[in-house]
Amino acid sequence: MWDMEAARAALPVVLSGFGVTLLATVLGFAVAVVAGLAVALVQRSAPRWIALPVRGLAAFVRSTPVMVQLFAVWILVPGLNALTIGVLVLGLHYATYLSEVYRAGIDAVPKGQWEACAALSLPRRRVWRAVVLPQAVRNVLPSLGNYAVSLFKETPFLSVITVNEMVHKANSFGSTHFAYLESFTLAAVVFLLASWPTSLLVRRLEARLAH
């Protein structure tokens, strides 16, 4: 049975964890964006003896559960702050997905662009910085937005390593006040209100870029 008084008491507690959830999302996605691009560039341009191990490591990280990775790093690096571990693990986990997104965006750059750069004898660094990457990033912006929403919805996994994000706060309130229904429902509503408008914006961006 829904208890309105418990819900009123739970709301500020749940919202107090939203800031941590949002911080973990923003920082984790920033790590994913930068590391994902680095992995994509290494796999495409680095010597084979470097590219192959990086590709194998990325496949391993992508194929193992993020919760297992969180536990492993938390146990193996006990002196590191739990939120820092969460940000790094989520960021690097999603970097393996974004590397494939970047790779697809780079492959979508027309072949004629590469040939024109070669004909002009442009330095390789300038080709990537001024020609290829701006087009590739534009091509993958909607996908990046979708992965940002996905990362946001996976922040509850951080509760298993004691990060005081929103679901951890909801669980603590529920166990103290025997009001799990109210606290977890409010957490779910906050997730919905935060992620749904972002998903709509990503769809609008995707439709605009398709024209």
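**View 1. Surroundings of leucine 158 in the predicted model.** Leaving aside residues up to four places away in sequence, leucine 158 touches Ala24, Leu70, Gly86, Leu90, Val163 and Glu165; contact means heavy atoms within 4.5 Å. This is a predicted model in which local features need pLDDT of at least 70 and side-chain atom pairs count only at pLDDT 80 or more, while totals for chains, interfaces and linings use all residues. Residues are numbered from 1 along each chain as its sequence is written, and side-chain values use heavy atoms, with hydrogens and water left out.

**View 2. The nonpolar cores.** Leu158 is among the residues of the largest nonpolar core that touch the most other members, together with Phe29, Leu98, Tyr102 and Leu144; this core has 22 residues. Two or more residues come from each of α1 (4-45), α3, α4 and α6 (124-153). The most, nine residues, are given by α4. A second, separate core has 14 residues, including Phe152, Met166, Phe173 and Leu186. A nonpolar core is a set of buried Ala, Val, Leu, Ile, Met, Phe, Trp, Tyr and Cys residues joined through side-chain atoms within 4.5 Å. Buried means under 20% relative accessible area, exposed over 50%, and partly exposed in between (1.4 Å probe, protein chains only).

**View 3. Threonine 25 in helix α1****.** Threonine 25 counts as buried because its relative accessibility is 10%. Not counting residues up to four places away in sequence, threonine 25 touches Ala148, Leu151, Phe152 and Thr155.

**View 4. A nonpolar surface patch.** Met67, Phe71, Ile75, Leu76, Val77, Leu80, Leu88 and Leu92 make a nonpolar patch of about 700 Å². A salt bridge is a side-chain nitrogen of Lys or Arg within 4 Å of a carboxyl oxygen of Asp or Glu. At least two residues of the patch come from each of α3 (66-76) and α4 (82-107), and α3 gives the most, with four. Phenylalanine 71 lies in helix α3 and is partly exposed, at 33% relative accessible area.

**View 5. The chain as context.** The chain has eight helices and zero strands; helices (H or I, at least four residues) and strands (E, at least two) are DSSP runs, numbered from the N terminus. Of its 211 residues, 36% count as buried. The chain exposes about 11900 Å², of which carbon and sulfur atoms supply 68%; accessible areas come from the Shrake-Rupley method with a 1.4 Å probe, and for residues only the protein chains shown count as cover.

Terms used
Patches are made of residues with over 30% relative accessible area and no salt bridge: like charges are joined within 9 Å, nonpolar side chains (Val, Leu, Ile, Met, Phe, Trp, Tyr) within 5 Å.
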